[in-house]
Amino acid sequence: MINLVLFGPPGAGKGTQSENIIQKFGLIHLSTGDLLRAEIGAGTALGLEAKKLMDQGILVPDAVVIGMIENKINDNKTAPGFIFDGFPRTVAQAEALDQVLAKHDLEITTMIALEVNEEVLTSRLLERGKTSGRPDDQNEELIRKRVQEYNNKTAPVANYYLGQHKFNSINGIGEIDQIFAEIVAILES
Ligand code: AP5
């Protein structure tokens with residue numbers, strides 16, 4: 001069983017590579033960004049509160065995303081494994097994820113960090129913003145804020161997995177298929 005944390009800054013390619021991984025390994029994709037956007041789309045109270053923060057490029061509170069992930073894991077008890085995309089984004093979230101998985105006798109198998117520099121991220125997200133309509137991709141200032149949140153709150157999560165000997169890092173710049181091949185090599189090793 002594979003339980004993968006796919007890690008990296010905004011625009012690193014987590015969503016893109018998740019699609020390939022799902023096709024090959026049949027894992028359940030849990031993206032907290034997608035789950036939050038679904039709440040916004042449904043007009044729930046949680047979604048309305050989250051939108052205020054997401055539109056400013058700020059992380060939503062840990063308790064909100066931990067609760068969403070716990071519900072999804074509980075709903076998919078017979079899953080062949082999970083890809084966590086955009087989660088955990090703080091050390092507190094990483095600790096909570098371990099606790100939730102442990103209740104089901106599960107654990108994170110491996111963490112893969114996609115390394116992409118800020119210049120490339122910014123250009124990818126501005127390009128995507130033209131067609132995706134994502135409010136947080138609309139201008140450089142907002143993208144800079146998201147990267148700042150990543151550097152301050154999320155980057156330390158890498159050390160958490162380093163300490164558990166589950167950390168892997170690959171270059172996220174290059175052909176999508178080539179990056180996917182490197183991910184497969186890690187997952188099959
Ligand atoms: P979220 O939805 O998770 O967004 P993100 O992390 O900012 O990631 P993105 O979806 O922007 O990028 P990605 O890495 O998936 O890249 P993609 O494959 O799309 O979070 C949004 C917000 O929700 C957060 O700011 C926060 O407010 C809140 N939130 C979410 N989770 C939270 C949590 N756990 N805790 C607290 N708050 C949370 O690729 C990007 C573009 O690049 C695409 O156009 C793609 O086609 C292109 N691309 C991908 N790979 C390549 C390549 N190799 N070469 C060229 N182009 C490429």
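## Annotated sites, ligand shell and core

For "binding site", an unreviewed UniProt entry lists Gly11, Ala12, Gly13, Lys14, Gly15, Thr16, Arg128 and Gly174. The model discussed here is predicted.

Take two of these positions. Gly13 sits in the loop between strand E1 (2-7) and H1. Is Gly13 buried or exposed? Gly13 counts as buried, because 22 C-beta neighbours lie inside 10 Å. Beyond its neighbours within four places in sequence, Gly13 is in contact with Gly8, Leu114, Gly172 and Ile179. Thr16 is placed in helix H1. Thr16 has 15 C-beta neighbours inside 10 Å, so this residue counts as partly exposed.

The unreviewed UniProt entry also lists Thr32, Arg37, Ile58, Leu59, Val60, Gly86, Phe87, Pro88, Arg89, Gln93, Arg134 and Arg146 for "binding site". They are spread over 115 residues of sequence and are also spread in space, up to 24.4 Å between C-alpha atoms.

Thr32 belongs to helix H2. Thr32 is buried because 23 C-beta neighbours lie inside 10 Å. Leaving aside neighbours within four places in sequence, the contacts of Thr32 are Val65, Met68, Ile69, Gly86 and Phe87.

Val60 is in the loop between H3 and H4. With 20 other C-beta atoms within 10 Å, Val60 is buried, since the cut-off is 20 or more.

Pro9 lies in the loop between E1 and H1. Pro9 contacts Val116, Leu121, Val147 and Tyr150, leaving aside neighbours within four places in sequence. The C-alpha atoms of Pro9 and Arg134 are separated by 16 Å, and the two residues are 125 apart along the chain.

| Residue | C-beta neighbours inside 10 Å | Class |
|---|---|---|
| Pro9 | 25 | buried |
| Gly13 | 22 | buried |
| Thr16 | 15 | partly exposed |
| Thr32 | 23 | buried |

Next, the ligand. How many residues surround the ligand? There are 29, and the closest are Pro10, Gly13, Gly15, Gly33 and Gly86. Helices H1 (14-25), H2 (32-42), H3 (45-54), H6 (118-132) and H9 (176-188) are the elements that give two or more residues to this shell. By type, the shell divides into twelve nonpolar, eleven polar and six charged residues.

In soluble globular proteins, nonpolar side chains tend to be buried together. The largest nonpolar core here holds 40 residues, of which Val5, Ile69, Ile83 and Phe84 touch the most other members. Helix H4 (residues 62-75) supplies the largest share, five residues. Phe84 is in contact with Leu4, Val5, Leu6 and Leu30, leaving aside neighbours within four places in sequence.

Finally, the overall fold. The chain has nine helices and five strands. Along the sequence they follow the pattern β-α-β-α-α-α-β-α-β-α-α-α-β-α. The radius of gyration is 16 Å, close to the 16 Å that the globule rule gives for 189 residues, so the chain is as compact as a globular protein of that length. The C-alpha trace spans about 40 × 40 × 30 Å along its principal axes. Of the 189 residues, 34% count as buried. Among contacts with a separation of 6 or more, 76% join residues 24 or more positions apart.

Notes
Residues numbered from 1 in each chain as written. Predicted model: local features only at pLDDT ≥ 70, side-chain atom pairs only at ≥ 80, totals over all residues. Near = placed C-beta within 6 Å. Helix = DSSP H or I, 4+ residues; strand = E, 2+ residues; numbered from the N terminus. Nonpolar A, V, L, I, M, F, W, Y, C, P; charged D, E, K, R; others polar. Core = buried A, V, L, I, M, F, W, Y, C linked by C-beta atoms within 7 Å. Buried ≥ 20, exposed ≤ 12 C-beta atoms within 10 Å, placed from the backbone. Contact = placed C-beta atoms within 7 Å. UniProt positions renumbered as here; feature names shortened; annotations may be inferred. Rg over C-alpha atoms; globule rule 2.2 N^0.38 Å.
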